[in-house]
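Let us walk through this structure together, one step at a time. Please have a look at the sequence and the fold before reading on.

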Amino acid sequence: MGQTLELSARVEAAFEGCYEGPRAAALSGVPLSTVYSWARNGIVEPSVSPRRIKLWSYADLMALRIVYWLRHPKQGRSNQIAASPMPRVRKALAELEFRGLDIWDDSGEQPDSPLRVDSAAKIWVMVDGVPEAAGQQALPGVLDLLGPFEFGGQQGPSLLRPRPNLRIIPGRVSGEPHLAGSRITTQVAAALYRRIVDTDKIASLYPGFDASFFEEAIDFERSLAA
């Protein structure tokens, strides 16, 4: 029972998070102008706060990737899609909970993301390396929803482990990228570096973390700003 409650909390947290437009765009890999356009037109609305200060959730990042990927033509497929895929994201997360897959374990021992979407806008959960749902095989050509995103000239990081020592976990530090095993966000690490300009000195402020953790965080923030 305890495990079920914990997984439920993590699934619920995926619809919280707290990303402003530029952050949501950088993490999802979708252009900022597109993110705002879709919010205005009800395609992928920011589920945390849809009004003055728009705030997107972790699950919204997945939805942004899905729609961006589907709206670009692919070999042998139409680029026509249905409305916002948020119900499908919810269904996929419920499936994760049902199967007991804790994809946000920050130990680094879990396999890669099991979530895939195909060109018919169907979301699949990978089981033992095979996409399955209702006993049917997925269509060829799929997108790893939480892996590194590169499509249509756009790039986004892994939404699980953007670097070996970095994690993104819904419900922890508002879903912000952070140093594994801590609540030190990559934004904090980058801000410290702008003041101190020495990763060894920064690491000395945090026993248990060597300079390589902070170097990864700084490099990651630079990549998002590029």
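**A pocket and the helices around it**

The lining of the largest pocket draws at least two residues from each of H2, strand S6 (149-151), strand S7 (154-156) and helix H8 (211-225). Helices (H or I, at least four residues) and strands (E, at least two) are DSSP runs, numbered from the N terminus. This is a predicted model, in which local features need pLDDT of at least 70, side-chain atom pairs count only at pLDDT 80 or more, and totals for chains, interfaces and linings use all residues. Residues are numbered from 1 along each chain as its sequence is written, and side-chain values use heavy atoms, with hydrogens and water left out.

Which residues lie nearest the centre of the largest pocket? They are Ala26, Gln155, Gly156, Ser223 and Leu224, out of 18 residues that line the pocket. By class, the lining has 11 nonpolar, 5 polar and 2 charged residues. Here Ala, Val, Leu, Ile, Met, Phe, Trp, Tyr, Cys and Pro count as nonpolar, Asp, Glu, Lys and Arg as charged, and the others, Gly among them, as polar. On a 1 Å grid over the protein atoms alone, a pocket is an open set of points where a 1.4 Å probe fits, with protein on both sides within 12 Å along at least five of seven lines; lining residues have an atom within 4 Å of a point.

Now turn to how the helices pack. H2 and H8 have their axes 9 Å apart, at an angle of about 100°. Axes are lines fitted to C-alpha atoms, for helices over the stretch in contact, and angles run from 0 to 180 degrees between N-to-C directions. H2 is therefore roughly perpendicular to H8, a term for angles of 65 to 115 degrees. In this pair, Arg23, Ala26 and Leu27 of H2 meet Phe220, Glu221 and Leu224 of H8, where contact means heavy atoms within 4.5 Å. These residues divide into 4 nonpolar, no polar and 2 charged.

H2 (residues 21-28) also packs with helix H3 (residues 32-40), at an angle of about 115° and with the axes 9 Å apart. H2 and H3 are therefore roughly perpendicular as well. On the H2 side, Gly21, Pro22 and Ala25 meet Leu32, Val35 and Tyr36 of H3. This contact has 5 nonpolar residues, 1 polar and no charged.

H8 has another partner too: helix H6 (residues 186-196) packs with H8 at about 95°, their axes 8 Å apart. That makes H6 and H8 roughly perpendicular.

Notes:
Angles under 35 degrees count as roughly parallel, over 145 as roughly antiparallel, 65 to 115 as roughly perpendicular and the rest as oblique.
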